[in-house]
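Thanks for coming. I will go through one structure today, starting with charged pairs and then moving to rings and the core.

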Amino acid sequence: MNKEDTFTRYSRQVFIEEIGLEGQRKIMNSKVLVIGAGGLGSSVIQYLAAAGVGNLGVADFDEVEVHNLNRQIIHTENTVGISKVRSAELFVNTFNHQVKFTGIDEKIDHSNAEKILSSYDIIVDGSDNFTTRYLVNDTCVKLGKSLIYGSILGFSGQTAVFNYKQSKNLRDLFPEPPFDEDIPDCDSLGVLGALPGIIGSMMAMQTLKIITDLPLSVNQLTLVDVMNWSFQTVDF
């Protein structure tokens, strides 16, 4: 794809005064890691690839299953049974070949978190368990990485930006994780696919705002209730 085709592809972003050519160059030079290629990660991956994020890493150790397809929309019936990382790679390579995709088909734990996260500018956490969330948060604090956080359950979701220009982090909001056995999950309560689409899109937007140096509200948790169609923010 030549320069003219590249400009045409991203022209509707470039036409935004606050983005322009300089902002698009920042997007194309950025390095973003998405943790989790599930419901939240699917929307994040879609919109970051669409925007032209130059280096997009995706970490997940799971395989695509049929019950994922109602919300994990980068995966298809044809990718059921293969790794989510490979399925995500197929999606990105088909959707935007300009994006350099790096698949990390392993579980992030204490042995590899620092090594994996250190290669990226921004971390987007779409994981589905508290052990990973707190490990990723603590690693981002240690490495000085901005972290986009999101979670969903039933008809509710939440998102926040942590550790951006020395802003507060997850432990300032929730000092300690709850016991996993006390927390219901999507497997037990379920979720409508559009909810992770909403929260994931919000996470992608916050990521792009960081990349392009747009104004950003920090130390603020956004709560979304799609049953009552309410959006509220809580300062912390």
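Start with Asp62 and Lys84, whose side chains meet in a salt bridge at 3.8 Å, N to O. Asp62 lies in the loop between S2 and H5, and Lys84 lies in helix H5, so the pair ties together parts that are 22 residues apart in sequence. Asp62 is partly exposed, at 32% relative accessible area. Lys84, at 5%, counts as buried. Please keep in mind that this is a predicted model.

How many salt bridges does a search of the whole structure find? The count is seven. Another of them joins the side chains of Lys26 and Asp213, at 2.7 Å from N to O. Lys26 is in helix H3, while Asp213 is in the loop between H10 and strand S7 (220-225), so this pair ties together parts 187 residues apart in sequence. Lys26 is partly exposed at 27% relative accessibility, and Asp213 is partly exposed at 48%. There is also a network of salt bridges here, linking Glu22, Lys26 and Asp213.

One more bridge to look at is Glu114 with Lys142, at 2.9 Å, N to O. Glu114 sits in helix H6 (residues 113-117) and Lys142 in helix H7 (residues 130-143), so the pair links distant parts of the chain, 28 residues apart. Glu114 is partly exposed, with 38% relative accessible area, whereas Lys142 counts as exposed at 60%.

Now the rings. The structure holds five aromatic pairs. Take Phe91 and Phe95: their ring centres are 5.3 Å apart and their planes are at 15 degrees, so this pair is stacked. Both are in helix H5 (residues 84-95), four residues apart, which puts about one helical turn between them. Is Phe91 buried or exposed? Phe91 counts as buried, at 18% relative accessibility. Phe95 is partly exposed, at 38%.

A second pair is Trp229 with Phe231, where the centres are 5.6 Å apart and the planes are at 85 degrees, so the pair is edge-to-face. Trp229 is exposed, with a relative accessible area of 57%, and Phe231 is partly exposed, at 44%. Elsewhere, Tyr149, Phe162 and Phe236 form one aromatic cluster.

Back at Phe95, Arg9 lies over the face of the ring, at 5.9 Å from the ring centre. Likewise, the charged end of Arg133 sits over the ring of Phe130, 4.9 Å from its centre.

Phe15 is placed in the loop between helix H2 (11-14) and helix H3 (20-28), and counts as exposed at 54% relative accessibility.

Note on methods:
Residues numbered from 1 in each chain as written. Predicted model: local features only at pLDDT ≥ 70, side-chain atom pairs only at ≥ 80, totals over all residues. Heavy atoms only, no water. Phe/Tyr/Trp six-rings, centres within 6.5 Å; stacked < 30°, edge-to-face > 60°. Helix = DSSP H or I, 4+ residues; strand = E, 2+ residues; numbered from the N terminus. Buried < 20%, exposed > 50% of the residue type's maximum accessible area, 1.4 Å probe, protein only. Lys NZ or Arg CZ within 6 Å of the ring centre and 35° of its normal. Salt bridge = Lys/Arg side-chain N within 4 Å of Asp/Glu carboxyl O.
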